[in-house]
Amino acid sequence: MCDVEAKLVAWLDRELSSDEAADVDRHIKGCQECRGRLATYKQVSETFDVYCDAVGAGKTRHRVSRWVPVLASVVAAAVVMFLAFPQRRVEPPPVLAPTLASVPVPAPCAAEAAARKTMRRRHAVPPVQERAMKWQPTETAVQIAIPAEAMFPPGAMPKGMNFIAELSIAPDGSVQQVRLRQ
Amino acid sequence: MSDDSVPLALPLLRLAAGSSEVTTLYRELRKPLLRYLVCLGLSSDEAQDVVQDAFLSLQRHLASDRKQENIRGWLFRVAHNQARNRQASYHRRFSEPLDGEMESLAADGTPEQRVLEKEKFRCVAAAIRLLTLSERECLLLRAGGLRYREIGEVLGMAVSTVGDTMERAIKKLAEKCNV
């Protein structure tokens, strides 16, 4: 075993002082065994560097290459689906123009849908007055017969007299008008 | 490791645009830092985060008028410590640092060359598993271009200890790899 063997790696890395490096230089010229060791250490170092490069490149590139085929497949599937099933336009049913004479509740479909959509919203409910203006009042829907004795004190009205309360109900269910008649 | 494979984050772009010195350092040291951290066992994303944090720390360090003679060693030390802090169980995760997926560097070579390279890498990987943690870290830092004195600063070791550790590690690899 040579004396300088323990310094060969440091000599290879140029970490020795000038005196120590000169000693190793002289020894190497005359020692074939140490020259062989130096060659081996140099090759090991280069192999380790290449291996580290390969590991680093593998870790940084593998993440991208793993997703490329997945994304490509998704895009291809989307294109195939689009070509196979083109989006058809759904024609809405014809809507007749509402007339007051023919239709008792003239509610335009678009307006009704808009009204329903609006009513589903929690924070954007239009005021009742605004909605009422959009709807035409309907004919009397409810008639209630009320005996006069139930409304007036005894003796104030002749017996057997009844009153009829006519309630006009709006399409949204609210009472729009109450009229009392004999 | 390609430069294009790792995107440059916005803060670092701002940082680099404001300091030509840091820009030069970044171009020179980013790749070795990334390789060192990835080989330590960090994922690619973690390594990029650590490198950016290290350069931001450098920017703050330089902005505070604190001079640093050996910026390369300082950066590696900061990155090394941040990598340790990011690992919940450093020793467990770093115990097999170089067992990641490998990118064949002989992709343009013949099939025989690729097979030989694969066999060589397999042999090196088996030999690396026999090294101690300090021996691996010394070799990785040496592969990053650091001198023994810088490696000692990063790992908190004396220069003579670094020399002994390096020699021991190289001899182990040479024995096991039979190159």
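Of the 182 residues of chain A in this predicted model, 13% count as buried. Chain A comprises six helices and three strands, and from the N terminus its elements follow the order α-α-α-α-α-β-α-β-β. Among the contacts in chain A with a separation of 6 or more, 43% are made by residues 24 or more positions apart.

The largest nonpolar core contains 55 residues, of which Leu33(B), Leu37(B), Val51(B), Ala54(B) and Ala79(B) touch the most other members. The element that gives the most to this core is helix H2 of chain B, residues 20-40, with ten residues. With neighbours within four places in sequence left aside, Leu33(B) is in contact with Val51(B), Ala54(B), Leu75(B), Phe76(B) and Ala79(B).

The axes of H7(B) and H8(B) come within 10 Å and cross at roughly 130 degrees. The crossing in which H7(B) passes H8(B) is right-handed. The residues of this contact divide into five nonpolar, one polar and two charged. The two helices and their contact residues are listed below.

| Helix | Residue range | Residues in the contact |
|---|---|---|
| H7(B) | residues 133-143 | Ser134(B), Glu137(B), Cys138(B), Leu141(B), Arg142(B) |
| H8(B) | residues 148-155 | Ile151(B), Val154(B), Leu155(B) |

Conventions. Residues are numbered from 1 along each chain as its sequence is written. Chains are lettered from A and ligands numbered from 1 in the order in which they are written. This is a predicted model: local features need pLDDT of at least 70, side-chain atom pairs count only at pLDDT 80 or more; totals for chains, interfaces and linings use all residues. A nonpolar core is a set of buried Ala, Val, Leu, Ile, Met, Phe, Trp, Tyr and Cys residues joined through C-beta atoms within 7 Å. A residue is buried if 20 or more other C-beta atoms lie within 10 Å of its own, exposed if 12 or fewer, and partly exposed in between; C-beta atoms are placed from the backbone. Helices (H or I, at least four residues) and strands (E, at least two) are DSSP runs, numbered from the N terminus. Two residues are in contact if their C-beta atoms, placed from the backbone, lie within 7 Å. Axes are lines fitted to C-alpha atoms, for helices over the stretch in contact, and angles run from 0 to 180 degrees between N-to-C directions. A crossing is left-handed if the near helix is turned anticlockwise from the far one by less than a right angle, and right-handed if clockwise. Ala, Val, Leu, Ile, Met, Phe, Trp, Tyr, Cys and Pro count as nonpolar, Asp, Glu, Lys and Arg as charged, and the others, Gly among them, as polar.
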